[in-house]
Amino acid sequence: RRQQQQQQQRCVLEKFRTRTAYRCADHSKLLLVGLSELRRNNSLYDITLRAEGRKICAHRVVLAASCDYFRGMFARGLREAQQDEVEIHGVTYVALERLVAYIYTAELEVSQDNVQDILSAAVLLQMSAAIDCCCDFLVSRVEAESVPELYMLAEAYGLTDLADKLDAHLLSTFPAFCQTEAYRRLRVDKVQFLLSSDSLKVAAETDVYEAALLYHRGKTSGSKEEQEEDLKLLSNPPKVLECVRYELLSPRTVQDLYGRLNPCPLKEILADAMAYHANVMLQPVLQTARTRLRSKRHCVVGFGGMFSSDDNDLSDESHFLNPSTGRWEVLTRGGGGSGVGGGAPPRMSNQGIAVVRNFLFLVGGDNNSHGFRAVADCWRYDPRHNKWTVIAPLQRAHADHCVCAVGLYIYAIGGRDYVEELHSVERYSLETNTWDAAAPLPKEMYAHAGTACGGKVYVACGIRADTYLSTVYCYEPAGDAWRELPPAPVERAWHCAAALANQVYLIGGSNRLHGYRRDVLQVNVLQTDTEQWTSVAHLPAGHGEPGIAVVPASDGSAMEGEIYIVGGRSHDRHARTSCVHVYDAATNSWSSGPKLEDEISGMACAALTLPVAVLARPYLRGPRRPTGPP
């Protein structure tokens with residue numbers, strides 16, 4: 001019986017032999033509280049620090065664990081490791097006392113009076129977190145007159161983070177800062193950096209030109225005497241004037257300035273700008289750092305579309321989602337007239353769209369104001385000057401097609417002209433402003449979707465002879481040839497496609513798997529390197545004939561970003577929609593974006609960098625319905 005009891009005890013103990021690690025979430029906090037208690041009670045001190053003849057008691061192990069400077073002093077065999085008192089040279093007592101208190105409490109008391117002393121001591125003691133606290137304090141309370149001295153401080157201590165934060169502050173407040181005397185006390189290389197930055201927040205490039213003159217002139221130009229002073233300054237133009245992006249000024253301004261200059265490097269820059277303005281059709285090809293907008297805000301823009309009330313109720317407006325206000329606003333309004341942008345396309349829907357070097361191209365589409373009609377007309381929009389340009393038309397009309405850009409070529413692929421279904425592919429050259437024929441699709445298709453990814457074009461699904469397709473083709477421009485890939489998991493049409501990293505997403509649309517048109521919520525993803533299909537989170541609601549735009553991650557990462565699905569129609573609800581849904585690739589999740597102000601399908605969407613002035617202008621709301629003849 002005793003053996004039986006022992007056996008039972010062994011069995012019970014055996015159940016507890018597995019190991020489990022438990023973690024106390026409050027351990028670090030409790031440890032910090034305990035250390036502060038020891039210091040408050042003057043318990044277990046084993047080291048005294050001296051500064052300016054005054055003493056600060058502490059614990060070696062705490063100092064060494066918190067600071068590289070003290071770790072080297074007490075743990076690596078230096079003579080201070082054997083001493084009971086250590087003199088800390090080059091710091092004030094107040095600064096050292098605040099930093100020791102910070103080690104014990106994680107709280108740093110900083111004021112305008114002591115911040116530079118604490119910063120100097122933190123640099124000496126190699127306390128990076130304390131350095132960051134001081135830098136944040138300085139930048140949060142920076143005043144214009146102290147900026148030059150703060151840059152000197154950053155240089156003296158090698159504080160690149162402080163210099164970067166000052167740069168960011170000045171770039172965002174530049175219009176006000178450049179009017180101060182402190183601006184003219186900055187070193188010329190710092191002014192050149194500011195005036196050359198893409199992040200310089202100015203309403204127009206003329207502000208940059210004026211600020212460059214102001215740096216040397218010292219006052220704003222207004223009187224006749226000051227204008228004559230400008231002429232003298234331009235006789236030997238300073239280097240900062242070369243930072244102005246003259247291609248972003250009006251052609252007349254550039255020409256007038258060119259005529260006022262003697263031969264010099266700036267005059268050569270102006271000659272390049274004049275050539276840029278003269279070669280309107282070549283401007284996308286002529287892009288350089290000098291033609292870039294001073295903005296890093298990628299905005300979702302949408303063009304045209306069909307309102308909910310009637311199939312011939314078309315839009316002649318373009319809109320953008322303002323990231324500053326979180327609402328949709330009018331970008332241009334036209335119909336070939338003199339609207340906000342002037343010379344905009346007429347009322348259209350389902351246009352092909354592509355962006356090349358931040359120029360937006362609209363290609364073909366539907367003009368169903370008087371029955372179904374495909375068009376061959378094409379337009380280009382330049383956000384730098386808010387200007388529309390008519391470009392060469394397609395060789396034949398394309399509707400319900402897709403448009404993709406690779407390099408300096410734009411491809412209009414398949415579709416229909418309401419007489420026949422098309423398999424033809426046209427290729428537009430940005431260098432010659434002409435369309436020519438590329439290799440046709442293997443078979444006709446319309447209501448398909450396509451996107452460029454990794455220098456290739458991917459086209460998927462659609463309709464042929466009233467049959468919904470799951471067919472997928474890949475076009476390689478180098479060989480001007482198509483090849484068929486594994487079919488998509490779900491047949492669909494009137495959907496959209498987007499590329500993110502090395503993946504092609506098929507989103508939205510409808511099919512007739514159940515005998516009648518239903519929304520497709522499944523999102524299929526093609527891994528282009530393996531040519532295998534997977535699925536990600538489903539759409540929250542139906543989107544047929546939607547707009548689609550890919551907004552890159554804020555850090556420019558090609559592996560992450562957001563996909564916007566804009567408007568469209570739901571066949572489950574038998575209605576158009578104003579809903580916007582946003583897919584986050586990093587979290588594989590959908591969220592709701594700001595709704596359109598109207599229920600619209602067939603809006604052509606893309607991501608475009610817009611000028612800061614457009615984002616900051618007063619809210620402009622267009623009419624809910626077009627007025628006047630289409």
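In which loop is Leu 44 found? Leu 44 lies in the loop between helix H2 and strand E1 (47–51), where helices (H or I, at least four residues) and strands (E, at least two) are DSSP runs numbered from the N terminus. The structure is a predicted model, in which local features need pLDDT of at least 70 and side-chain atom pairs count only at pLDDT 80 or more, while totals for chains, interfaces and linings use all residues. Residues are numbered from 1 along each chain as its sequence is written, and side-chain values use heavy atoms, with hydrogens and water left out.

The protein chain contains 17 helices and 33 strands. Of its 630 residues, buried ones make up 50%; buried means under 20% relative accessible area, exposed over 50%, and partly exposed in between (1.4 Å probe, protein chains only). Among the contacts in the chain with a separation of 6 or more, 56% join residues 24 or more positions apart, a contact being heavy atoms within 4.5 Å.

Leu 44 can now be described further. Its relative accessibility is 66%, so Leu 44 counts as exposed. The phi of Leu 44 is near 60°, a positive value in a residue other than glycine. Most residues other than glycine have a negative phi. Ala 447 has a positive phi as well, near 55°. This residue is placed in the loop between strand E15 (434–438) and strand E16 (449–453). Ala 447 is buried, because its relative accessible area is 3%.

Helix H2 (residues 27–40) also holds Ser 36. With a relative accessible area of 14%, Ser 36 is buried. Leaving aside residues up to four places away in sequence, Ser 36 touches Tyr 104 and Thr 105.

Helix H5 (residues 93–105) packs against another helix. The axes of H5 and helix H6 (residues 115–124) come within 8 Å and cross at roughly 65°; axes are lines fitted to C-alpha atoms, for helices over the stretch in contact, and angles run from 0 to 180 degrees between N-to-C directions. H5 and H6 are therefore roughly perpendicular to each other, since angles under 35 degrees count as roughly parallel, over 145 as roughly antiparallel, 65 to 115 as roughly perpendicular and the rest as oblique. Ala 95, Arg 98 and Leu 99 of H5 meet Asp 117, Ile 118, Ala 121 and Ala 122 of H6 in this contact. By class, the contact of H5 with H6 has five nonpolar, no polar and two charged residues. Here Ala, Val, Leu, Ile, Met, Phe, Trp, Tyr, Cys and Pro count as nonpolar, Asp, Glu, Lys and Arg as charged, and the others, Gly among them, as polar.

A second pair is formed by helix H12 (residues 188–196) and helix H13, which pack at an angle of about 175° with their axes 11 Å apart. H12 and H13 are therefore roughly antiparallel to each other. Val 188, Val 191 and Leu 195 of H12 make the contact with Val 208, Ala 211, Ala 212 and Tyr 215 of H13. The residues of this contact divide into seven nonpolar, no polar and no charged. The buried residues of H13 include Val 208, Ala 211, Ala 212 and Tyr 215.

Finally, Pro 594 occupies the loop between strand E31 (589–593) and strand E32 (600–601). Because its relative accessibility is 27%, Pro 594 counts as partly exposed. Pro 594 touches Leu 321, Gly 326, Trp 328 and Val 580, not counting residues up to four places away in sequence.
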